[in-house]
Amino acid sequence: MALSRIVATYSIVACDLESGQWGVAVQSKFLAVGSVVPWAEPHVGAVATQSYANPRYGPDGLALLRKGHSAEEVITAITSADAGRAERQVGVVDGSGHAATFTGESCHDWAGGRTGAGYAAQGNILVSGATVDALAVTFESNGHLELAERLIECLVAAQAAGGDSRGQQSASLLVVQKDGGYAHLSDTLVDLRVDDHERPIVELQRLYGLHRELFGVTPSDAWLDVDETLASELRDRLARLGYDDELGQAFPDWAGTENLEERVDGVGRIDPVVLEALRKQSS
């Protein structure tokens, strides 16, 4: 197998039990790493499979977690059944927040992993172990952040610490939460992939910023009451953009066109993020 087929990468699998979120963040000198490495299911766990990756570790690992096996038990089971385990690397966090990581003895240097409360960090063909240390330390020191942002910060720190010795190519962020996805009809809260880019983590940060703008949640007490003055402004700005129906129709029509429908709840109150987007577009 050619060296170019190794999923040489660093990743972190983690959870935030308070918010009910599980996720994986990964970067690699490998095309479309997000199509291979990350797997997650809310209240079940998360898996990252890499280094001559065995993609079956993802669904098989989640199936075992779903049956109540711990992260350590899952790794033992899936690697024991795999004749190629010496070249594999995998990280698992279970539904209770326990984590485990495995690095086969034939993985290319530098290769290794580290675990802590709610996370497992691992990498192979790295400049040094400092990359995995940076993943761990950054996760541990950013408990105040939402899980998705926390995981991105981990990737940023890991790259600054050296990263993949072969360079950068792709990155991915997957976070799941029960009914936390689009229209509360999906468990996929965030699923962003940069398949081929000179600076994939920077691009992942940009995409996450767009995701927050379109699908983020502003606390209800920060929303603005739409009084007659603001309603008049909304009607005027919407009309400039070609939305001439009455406000109750024009506003959601515009928001839907701009993919902001998840941030709209009638016309009595308005999310300030949506108001800013309307003002910017209609100026």
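Contact means heavy atoms within 4.5 Å. By that criterion, among contacts in the protein chain between residues at least 6 apart in sequence, 56% join residues at least 24 apart. The model is predicted: local features need pLDDT of at least 70 and side-chain atom pairs count only at pLDDT 80 or more, while totals for chains, interfaces and linings use all residues. Residues are numbered from 1 along each chain as its sequence is written, and side-chain values use heavy atoms, with hydrogens and water left out.

The protein chain holds eight helices and 12 strands. Helices (H or I, at least four residues) and strands (E, at least two) are DSSP runs, numbered from the N terminus. Along the principal axes, the C-alpha atoms fill a box of roughly 70 × 40 × 30 Å. Of the 283 residues, 48% count as buried. Buried means under 20% relative accessible area, exposed means over 50%, and partly exposed lies in between (1.4 Å probe, protein chains only).

Helix packing was examined next. Two packed helices are described by the angle between their axes and the distance between the axes. Axes are lines fitted to C-alpha atoms, for helices over the stretch in contact, and angles run from 0 to 180 degrees between N-to-C directions.

Helix H3 spans residues 130-140. Its buried residues are Thr131, Val132, Ala134, Leu135, Ala136, Thr138 and Phe139. Their cover includes strand S1 (9-16), strand S7 (112-116), strand S8 (119-123) and H4. The axes of H3 and H4 come within 8 Å and cross at roughly 150 degrees. That makes H3 roughly antiparallel to H4. Angles under 35 degrees count as roughly parallel, over 145 as roughly antiparallel, 65 to 115 as roughly perpendicular and the rest as oblique. The crossing of H3 and H4 is right-handed. A crossing is right-handed if the near helix is turned clockwise from the far one by less than a right angle, and left-handed if anticlockwise. H3 contributes Thr131, Ala134, Leu135, Thr138, Phe139 and Glu140 to the contact. H4 contributes Leu147, Arg150, Leu151, Glu153, Cys154, Leu155, Ala157 and Ala158. These residues divide into nine nonpolar, two polar and three charged. Here Ala, Val, Leu, Ile, Met, Phe, Trp, Tyr, Cys and Pro count as nonpolar, Asp, Glu, Lys and Arg as charged, and the others, Gly among them, as polar.

Helix H4 (residues 147-160) also meets helix H5 (residues 200-215). Their axes come within 10 Å and cross at roughly 165 degrees. H4 and H5 are therefore roughly antiparallel to each other. Their crossing is left-handed. On H4, the contact is made by Ala148, Glu149, Ile152, Leu155, Val156 and Gln159. On H5, it is made by Ile201, Leu204, Gln205, Tyr208 and Arg212. Seven of the residues in the contact of H4 with H5 are nonpolar, two are polar and two are charged.

Two strand residues were then considered. Arg114 sits in strand S7. With a relative accessible area of 28%, Arg114 is partly exposed. Not counting residues up to four places away in sequence, Arg114 touches Thr101, Tyr119, Ala120, Ala121, Val132, Asp133, Ala136, Val137 and Glu140. The side chains of Arg114 and Asp133 are joined by a polar contact of 3.1 Å. A polar contact is a pair of N or O atoms within 3.5 Å; within protein, one must be able to donate a hydrogen and the other to accept it, and residues adjacent in sequence count only if both atoms are side-chain atoms. Arg114 and Ala100 are 14 residues apart in sequence, and their C-alpha atoms are 8.1 Å apart in space.

Thr49 belongs to strand S4 (residues 45-50). Thr49 is buried, at a relative accessible area of 0%. A polar atom of the Thr49 side chain lies 3.0 Å from the backbone oxygen of Asn54. Leaving aside neighbours within four places in sequence, Thr49 is in contact with Val36, Val37, Trp39, Asn54, Pro55, Tyr57 and Gln89.

Most residues other than glycine have a negative phi, and most peptide bonds are trans. His43 has a positive phi, near 65 degrees. His43 lies in the loop between strand S3 (38-41) and S4, and is exposed at 52% relative accessibility. His184 has a positive phi of about 60 degrees. The loop between strand S9 (170-177) and strand S10 (188-194) holds His184, which is exposed at 58%. The peptide bond from Asp109 to Trp110 is cis, with omega near -15 degrees. Trp110 lies in the loop between strand S6 (99-103) and S7.
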